[in-house]
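These are my notes from going through one model. I looked up the strands, then the metal site, then the cores.

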Amino acid sequence: MAIPGYLIDQIRQSNNIVEVISGYLPLKKIGSNFKALCPFHQEKTPSFIVSPQKEIFHCFGCGEGGNVFNFLMKHEKISFIEAVERLAERAGISLPKDRASREESSRVSQERKSLFEINRHAADFFHRCLKNSISAQKAREYLNKRGLKEEVIDKFGLGYAPGSGRGLLEAAVNKGYSKELLEKAGLITFSEKRNDYRDQLFDRIIFPISDVQSRIIAFGGRVLGERLPKYLNSPETAVFYKGKILYALNLAKESIQKKNQIIILEGYTDVLTCHQFGVENSVATLGTALTRDHVSIISRYAEEVVIVYDADTAGVKAALRGLDLLIGSGLKVKVVALPQGTDPDDFLRSQGAEKFQREISQSLSLVDYRIKLVSQTTDLNTSEGKVAVVEEVLPTIARIKNLIEQKEEIKKLSRLISVDEETLLLELGRINRKTYQWQEPSYREELARDFRDPTSQQGVLKAEKGLVQVMINYPEEIETIRAEVTPEDFLINDLSRVVKVIYELYDKKKSIDPAIVMDRIYSEDLQFSAKVNQIIASLAIEEKKAEFSPGIVNALVNEVKTHKSEKKERKMREELASLADRGLPVQSEKIEKFQKLRKQLKGSKNERV
Ligand SMILES: [Zn+2]
């Protein structure tokens with residue numbers, strides 16, 4: 001055991017699971033539990049439950065579950081040890097530092113930590129330059145011209161990267177940071193031409209990019225003057241994945257949740273201006289099309305997505321394809337196209353926030369917007385125009401999850417182009433809906449995979465899970481069960497292991513909280529499947545559904561033992577048959593044993609009926 005059990009208990013108890021998880025996703029209190037949209041699968045209605053009493057989470061949709069360590073492991077893609085270390089740090093608990101193996105496994109999290117730190121340092125440096133440096137005069141003038149107020153500039157931590165190309169490098173090295181770390185963070189690059197390192201971003205206005213927990217993970221730089229590219233981002237690093245980040249989500253998330261609406265813009269300055277004008281539920285992608293990761297993040301915060309484009313340009317049509325992803329995950333998608341040649345920034349400053357909000361509230365649905373685009377270039381009364389519209393919007397309509405909404409869209413389209421609904425529905429059927437939907441392995445399929453053991457008929461699974469469920473939720477029954485059933489009586493290996501841990505805890509007079517059982521399983525055997533903790537979580541949280549009575553315990557005990565005996569009987573029968581086949585002598589003892597077992601089995605089966 002790398003970290004002593006008592007310390008793991010202490011760390012878990014010091015990290016309230018509700019507080020930790022709500023650092024990642026919005027939780028809503030319902031009764032004694034908390035609910036959220038599951039971060040581990042795509043869904044429209046929340047089936048992700050957090051129980052503060054039991055210190056566990058469980059998703060009824062995808063089956064994911066566990067305690068606070070499991071959540072971190074899964075969400076941050078880190079090991080058990082790393083999760084323990086992070087939560088220890090969060091709670092201010094120090095861990096014994098002498099284990100070489102632990103140091104190795106925490107190397108990655110150390111690296112992430114130093115990347116956050118150097119990024120923070122760089123952001124402070126850029127910000128100070130913008131505020132004080134003489135060479136930043138042009139940058140200050142530019143921001144001033146765009147009407148950005150000082151408080152917004154500070155809130156977003158804007159900065160200026162000096163034109164020398166060595167400003168950050170020198171300042172950071174003077175502070176004792178290594179070039180290696182600066183390079184890992186994407187802040188400096190090696191220039192073959194100069195045979196030396198130089199700043200990645202220079203003579204640019206700097207937009208620090210933060211994750212949802214407000215840790216700085218990268219930088220965007222806008223050029224001053226005509227140099228290309230106009231915008232340049234840091235390269236991807238161990239803490240920065242472009243396709244997973246929405247700019248300013250850390251500042252916008254509260255407003256997004258409150259309004260149940262997220263506004264997605266194209267550029268950094270658009271976001272700043274929106275926030276300055278009080279439209280605080282706005283974010284931007286980092287110059288990429290929407291990815292599945294984006295969609296999954298968005299659906300955790302809001303049900304309605306408003307996409308704002310600068311104008312109805314040709315580029316917009318291509319970008320629209322990405323929006324089908326949003327429809328496919330059950331989000332409401334609206335599109336605002338501002339008048340030709342204006343971006344949100346211009347619009348807000350010339351027309352004001354009220355008119356901007358009106359544009360938002362009058363925005364078209366994605367389907368209507370698509371129709372509008374087609375109608376601008378083709379006549380919808382011609383058969384050519386009708387075909388064009390159908391081709392443009394049916395793939396989007398096919399993705400709408402709500403069948404009533406889908407039907408409505410078909411009806412509208414039918415009226416618009418005077419083609420009857422049946423024909424459109426036929427066309428819709430021809431679109432292979434499957435290719436437009438998320439690929440989700442069902443929970444049942446996964447469970448089936450876990451219990452690949454040949455003996456795993458439904459009955460075994462049900463009985464063994466039932467018994468473990470009783471022990472987790474009604475520890476006072478353990479004494480009775482234990483007298484009858486050993487861990488080896490459980491045919492499903494994972495459950496047998498859980499039972500062993502429960503008995504051990506019971507012997508030590510420890511409480512049998514599901515969260516503790518999970519920790520024991522992990523800390524004793526790191527290879528042991530995370531799936532086991534999911535099973536424990538699901539058994540613990542489904543407790544209310546299971547009606548409990550003492551009679552149930554007896555029935556389950558009998559069933560578990562019977563399954564075990566059946567397996568034994570099968571094995572003995574095979575052995576005896578094989579001996580007979582080969583003409584070998586069979587000991588009479590063996591036959592007696594076999595017959596006794598069969599008799600027992602018959603008896604217990606009669607009992608069950
Ligand atoms: Zn889920």
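I began with β1 and β2, which pair in the antiparallel sense over three bridges. (Strands are DSSP runs of E, at least two residues, and helices are runs of H or I, at least four residues, numbered from the N terminus; two strands pair if DSSP finds at least two bridges between them.) K28 has K35 in β2 as its bridge partner.

The model is predicted, so I noted that local features need pLDDT of at least 70 and side-chain atom pairs count only at pLDDT 80 or more, while totals for chains, interfaces and linings use all residues. Residues are numbered from 1 along each chain as its sequence is written, and side-chain values use heavy atoms, with hydrogens and water left out.

Then I turned to the zinc ion. What coordinates the zinc ion? I found C38 (SG), H41 (ND1), C59 (SG) and C62 (SG), at 2.1 to 2.3 Å. (Donors are N, O and S atoms within 2.8 Å of the metal, or 3.2 Å for Na, K and Ca; water is not among the atoms, so sites may look incomplete.) The arrangement is tetrahedral because the four donor atoms subtend angles of 101 to 118°; four donors count as tetrahedral if all angles lie between 85 and 135 degrees. In sequence the spacing of the donor residues is C-x2-H-x17-C-x2-C. H41 lies in the loop between β2 (33-36) and β3 (48-51) and C59 in strand β4 (residues 56-59), so this pair ties together parts that are 18 residues apart in sequence.

Are H41 and C59 buried or exposed? H41 counts as buried at 14% relative accessibility, and C59 is buried at 0%. (Buried means under 20% relative accessible area, exposed over 50%, partly exposed in between, with a 1.4 Å probe and protein chains only.)

Last I checked the nonpolar cores, which are sets of buried Ala, Val, Leu, Ile, Met, Phe, Trp, Tyr and Cys residues joined through side-chain atoms within 4.5 Å. The largest has 61 residues, and L158, F219 and Y247 have the most contacts inside it. Helix α6 (residues 107-132) gives the largest share of this core, nine residues. A second, separate core has 41 residues, including I481, F490, V501 and L539.

Methods:
Tetrahedral: all angles 85-135°; square planar, octahedral: opposite > 155°, others 65-115°.
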